[in-house]
Structure formats: C-alpha cells, structure tokens
Amino acid sequence: MKVLITGGAGFIGSTIASAFAERGVTPVVLDSLITGRQEFTDGKIFYQGDIGDGELVDTIFREHPDITVAVHCAALIVVPDSMADPLRYYRVNLGRTRDFAEHLVRNGCDRMIFASTAGMYRPEADLSVTETSALEPQNPYTRSKMMAELMLEDVCRATSLRVVSLRYLNPIGADPQLRTGLQNSKPTHALGKMIESYELGVPFKITGVDWDTRDGTAIRDYIHVWDIARAFCEAADRFDSIVPPLRPAGEGSGYEVINLGTGDGTTVRELVEAFREVVGDAFVAEEAPARPGDVVGAFVRPDKAWDLLRWKPEYTIEDAIRHSLQWAERRRELDVA
C-alpha cells in the first residue's frame, strides 16, 4: 500500500510521511521544494514538481498504481503574505487544488485527505469551534482554503472522488525523532517568539492582557505535529467507513469535515508557564499592549475526531515545546552542514 503526499517535503507533510512509513505504508512524496526541504525527502520515493502538472501526476500513478489515497498538504499558509499577495494564494491554494483534483479523478484515485484550517470558522461565544460553527474566514489564506473545500465538495457530488478534510489551527513541535520540523528558522507564532527570546536572553512580550479569556491573554489551539500526523493515518485507515464508496442517491456528498484540536486551547500565560517548566524559571516574560491586528483566538472541540477516528492528542504542550527546542538546535546543524 502506498500514499501520495503533496507538500511532503514541508513541515506537516514530511511528518505525515514518516508516520505512514512507521505503519508500513510507503509514502510517495510530490513537492516543488519552493518551501520544502530536500533532506526531508531522504529515503522516500520523491518527485519534484507542481501538483498542477498533469503529466507528472499521471506518471506517478502509472509508476505507482498501488497508491490508495492522496494526502493533499501542498499550500501557501502565511497569513500576512496572503494579505500582501492574495492572487498568488488563490492561484496556488484554490487553482492548483482544482487541477490536482482533476488529475486524481482522471487517474481513478477516489480518496483524498485534505489538510485544511479551522481558522475559517467564526468562534462561538466561548471561543470554541466545531464542525457546525459558521464559516467566516478573515484573510485570503483562510478564504482560499474555504473556497478550495467548497469546490472539492462540489467535485465529490459529481464524480467518484471522496474527500476527508481535516481542519486544525496551530501545529507546533517536531517529529519526535527529529527527522523533520519547521523549515522556517524564525517562526512567527508565540512559541517561536519565546524560543527566540530565550536564545537571545531577552524578555518575551505578552502582547495583550485584557482579552475576554480565563487569564486575560489570547488563546490558541496548539497541537503537536505528530498528533496531526497520527490523525491523517487514522483517516486513511478508516476512510471507507467515514465516506463509504457506494452511497445511495441523496445520502451524503462524499465529503466529510473533521476538526483536530485539544478541546480547551492554551493561553499565552499558560504557554509561558509551560515553557518555564521545560527551560527553567529564569525565562522572563513581560506584559505589553496588544498589537494592531491581534485577535483573541479560538480553540477546537475534537469530539467528532474521537467518534470517527478514535483520535485525541497524546502529546502535552510541554512535549511540543521540548521537541521544538530540540528541533531548533537540529535545524541549525542542518543549515551549517
């Protein structure tokens, strides 16, 4: 059994590839290497190219007819970049996904697991989101992912393609064996900023302390990337039970959405305390005003993931911090080599 992973040289895609390999499933990686790292493909079947290249995708399926599912992780994901260049985000996240779906249908591959975002939801009053929460994407990145999902659902209604969309918010950590991790040496999320402050020996700034949360600081749903990878493996294992291949007329669209998350999220103060648990009490944080564009955040309720995937996070926030710190050191070694 083989699985095709687009974006398989990136942070999440490479981790998913390793998780499948550990379960005896051979990953076939397709990545342009525009943001992915060549070394993340070591030891794997690898094709360099664009997911919109129909001839290349045809070649992959001709050479690997035992591919049973496509995991689609290839995307642009940086929110500020999407604000500055929305056309690029729609071209890649929506247009290339349309092309790739067409290539799958042509090659008779009827199973796709789509890496998506829970950032397209409007949070409920308690800041949680579920699969039934209203969709209200706030930037071109999340809008492009929502539009890609709407398009895929239409394709599922009209063709043999079936899709399971896994939506999550804030992946952190690294492959626990440090085979792969974040490509970006300076991640902009709160944990990345904490690691940078810790390494430079300067205080970390908690920007915004009067949000309507349990401690006044913003909340995020940090989830260990290996837990995300496990969910993709479970979705592949249970795919036909989640979205049956033969559906009576009028019963389902062949499209299913499942959220991945912790169920309660982590506030910035809680993240600071968890960071101190890992590195020691000398780590200093100080309060600062909220910045323009800051938002209170949200967290995911993963009840459906447990029901359909028998999945819940296994790693703690401290585990994710520890693995992130270890990967930061490992990445420096790779960059020097």
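So, Asp294: once you set aside its neighbours within four places in sequence, Asp294 is in contact with Thr207 and Trp211, where contact means heavy atoms within 4.5 Å. You'll find Asp294 in the loop between strand 14 (285-288) and strand 15 (299-300). Its C-alpha sits 8.2 Å from the C-alpha of Gly208, and those two residues are 86 apart along the chain.

Quick housekeeping before I go on. This is a predicted model, where local features need pLDDT of at least 70 and side-chain atom pairs count only at pLDDT 80 or more, while totals for chains, interfaces and linings use all residues. Residues are numbered from 1 along each chain as its sequence is written, and side-chain values use heavy atoms, with hydrogens and water left out.

Now the overall picture. The secondary structure comes to eleven helices and 15 strands; these are DSSP runs, numbered from the N terminus, with helices being H or I of at least four residues and strands being E of at least two. The radius of gyration is 20 Å, close to the 20 Å that the globule rule gives for 337 residues, so the protein is as compact as a globular protein of that length. That radius is taken over C-alpha atoms, and the rule is 2.2 Å times the number of residues to the power 0.38. Along its principal axes, the C-alpha trace spans about 55 × 50 × 40 Å.

How much of it is buried? Of the 337 residues, 51% count as buried. Here buried means under 20% relative accessible area, exposed means over 50%, and partly exposed is in between, with a 1.4 Å probe and protein chains only. And if you take contacts between residues at least 6 apart in sequence, 79% of them join residues at least 24 apart.

On charge, there are 37 positive and 51 negative side chains, and the centres of the two sets lie 2 Å apart. Lys and Arg count as positive, Asp and Glu as negative, and His and the chain ends are not counted. The place of a charge is NZ of Lys, CZ of Arg, CG of Asp or CD of Glu.

Okay, strands. Start with strand 2, residues 26-31: five of its six residues are buried, so it's largely enclosed by the rest of the structure. Strand 1 (residues 2-6) runs parallel to strand 2, and five bridges join them; for pairing, DSSP has to find at least two bridges between the strands. If you want a pair to click on, Ile5 has Val29 in strand 2 as its bridge partner.

Which other strand is enclosed like that? Strand 5, residues 111-117, has six of its seven residues buried, so that one is also largely enclosed by the rest of the structure. Strand 4 (residues 67-72) pairs with strand 5 in the parallel sense over three bridges, with Ala70 partnered by Met112. Strand 5 is also joined to strand 7 (residues 162-168), again running parallel, by seven bridges. There, Ser116 stands opposite Arg167 in strand 7.

Next, some backbone angles. Leu33, in the loop between strand 2 and strand 3 (45-48), has phi near 65°, a positive value in a residue other than glycine. Leu33 counts as buried, at 18% relative accessibility. Leu178 has a positive phi too, about 60°, and it's not a glycine either. Leu178 is in the loop between strand 8 (170-172) and helix 6 (190-200), and at 22% relative accessibility it counts as partly exposed.

Follow the chain into helix 6. Its buried residues are Ala190, Leu191, Gly192, Met194, Ile195 and Ser197. Just after helix 6, Gly201 takes a positive phi of about 75°.

Last stop, two pairs to compare by eye. Glu102, in helix 4 (residues 86-106), is partly exposed with a relative accessible area of 40%. Glu102 and Gly54 are 48 residues apart in sequence and 8.6 Å apart in space, C-alpha to C-alpha. Then there's Ala282, in the loop between helix 9 (268-279) and strand 14. Ala282 is exposed, at 70% relative accessible area. From Ala282 to His64 it's 218 residues in sequence and 53 Å in space, C-alpha to C-alpha.
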